[in-house]
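The sequence and model come first, and the description follows.

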Amino acid sequence: MKLYKYYPDNVNSFKSISVRGLWCHYPKKMNDPADCLAFLNREITPEEVTVFKSYFENHLNPSLKRIFNYSNEQVTNFINLQRKKLLDDFAFCSLSETFDDILMWSHYASSHTGFVVEFEFDDSKIDHHFQKINYTDYLPKLDISKIAEFMNGKDENLKYFFQDLSLKSTSWCKEKEWRIWRSKPCYYHYEGTNIKNVYFGVNSSIETKSIVAKLIDELNKDALFHFMEFNQNPIKLVSKS
């Protein structure tokens with residue numbers, strides 16, 4: 001699978017390349033205040049509340065066993081709070097399925113002065129930490145059983161939470177975003193051979209091109225370099241080798 005990372009023209013981008021890592025940060029640190037749609041509460045039906053509470057009727061942990069005696073409103077508030085708490089625990093980095101979006105070059109590559117790196121990940125090594133963004137106008141229904149099972153120690157349902165946190169408004173759909181989730185802010189380290197191509201913006205300076213070319217060459221001498229240009233009629237970005 002090929003994914004692309006847009007980099008601004010700054011020291012942090014050069015550092016990211018030099019340490020062979022993609023920086024993952026908390027959702028609340030991202031540029032969209034509505035990221036993950038966490039500010040919206042889910043509606044939980046009385047039937048779903050009953051299902052959720054049944055998982056805790058005979059729980060050995062006293063604090064979780066108390067859930068069985070919660071009111072419908074308390075259960076609904078509890079579930080919504082748990083989802084929001086995940087945003088304080090997990091971090092992600094953003095990538096895209098495309099390297100030639102004019103707006104993304106403007107927003108994320110410092111007005112086309114930065115660069116884009118193409119990564120190719122082996123499909124067999126893609127796990128639940130990789131999540132494709134679900135762009136939506138409506139919040140999907142929660143799977144109450146998976147939430148309860150996760151709270152009861154079934155960590156395999158962490159994939160479900162990553163999927164549910166990987167939500168954005170359809171206003172962002174042109175970004176074709178993927179996320180790599182981690183348990184805390186950190187670098188997601190990749191292999192140098194994962195880098196296949198590098199694209200320099202139409203306003204990239206000679207200094208930026210030289211620095212990035214040297215750093216990339218140390219990671220993968222087979223990586224190819226390209227230069228973005230504006231095409232006329234239709235107006236779009238194209239790459240030249």
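The model is a predicted one, in which local features need pLDDT of at least 70 and side-chain atom pairs count only at pLDDT 80 or more, while totals for chains, interfaces and linings use all residues. Residues are numbered from 1 along each chain as its sequence is written, and side-chain values use heavy atoms, with hydrogens and water left out.

Helix α7 spans residues 158-165, and six of its eight residues are buried, so α7 is largely enclosed by the rest of the structure. Helices (H or I, at least four residues) and strands (E, at least two) are DSSP runs, numbered from the N terminus.

## Helix pairs

Two packed helices are described by the angle between their axes and the distance between the axes. Here the axes are lines fitted to C-alpha atoms, for helices over the stretch in contact, and angles run from 0 to 180 degrees between N-to-C directions. Angles under 35 degrees count as roughly parallel, over 145 as roughly antiparallel, 65 to 115 as roughly perpendicular and the rest as oblique. A crossing is left-handed if the near helix is turned anticlockwise from the far one by less than a right angle, and right-handed if clockwise.

| Helix pair | Axes come within | Crossing angle |
|---|---|---|
| α6 and α7 | 9 Å | roughly 125° |
| α2 and α6 | 9 Å | roughly 20° |
| α1 and α8 | 9 Å | roughly 15° |

The axes of α6 and α7 cross at roughly 125°. That angle makes α6 oblique to α7, and α6 passes α7 in a left-handed crossing. In this contact (heavy atoms within 4.5 Å), Lys146, Ile147 and Phe150 of α6 meet Leu158, Tyr160 and Phe161 of α7. These residues divide into five nonpolar, no polar and one charged. For such counts, Ala, Val, Leu, Ile, Met, Phe, Trp, Tyr, Cys and Pro are nonpolar, Asp, Glu, Lys and Arg are charged, and the others, Gly among them, are polar.

Helix α6 also packs against α2 (residues 46-54), and their axes cross at roughly 20°. That makes α2 roughly parallel to α6, with a right-handed crossing. Glu48, Val51 and Phe52 of α2 meet Ile144, Ser145, Ile147, Ala148 and Met151 of α6. By class, this contact has six nonpolar, one polar and one charged residues.

Helix α1 (residues 11-18) and helix α8 (residues 206-219) cross at roughly 15°. The two are therefore roughly parallel to each other, and α1 passes α8 in a left-handed crossing. Phe14, Ile17 and Ser18 of α1 make the contact with Thr208, Ile211, Val212, Leu215, Ile216 and Leu219 of α8. Seven of the contact residues are nonpolar, two are polar and none is charged.

## Cysteines and the whole chain

The structure holds zero disulfides, a disulfide being a pair of cysteine sulfur atoms within 2.5 Å. The closest cysteine sulfur to that of Cys186 is in Cys24, at 5.2 Å, too far for a bond. For Cys36 the closest is also in Cys24, at 13 Å, again too far for a bond. Cys36 is buried, with a relative accessible area of 0%.

The protein chain has eight helices and twelve strands, and 43% of its 241 residues are buried. Its C-alpha trace spans about 65 × 35 × 30 Å along the principal axes.

Notes. Buried < 20%, exposed > 50% of the residue type's maximum accessible area, 1.4 Å probe, protein only.
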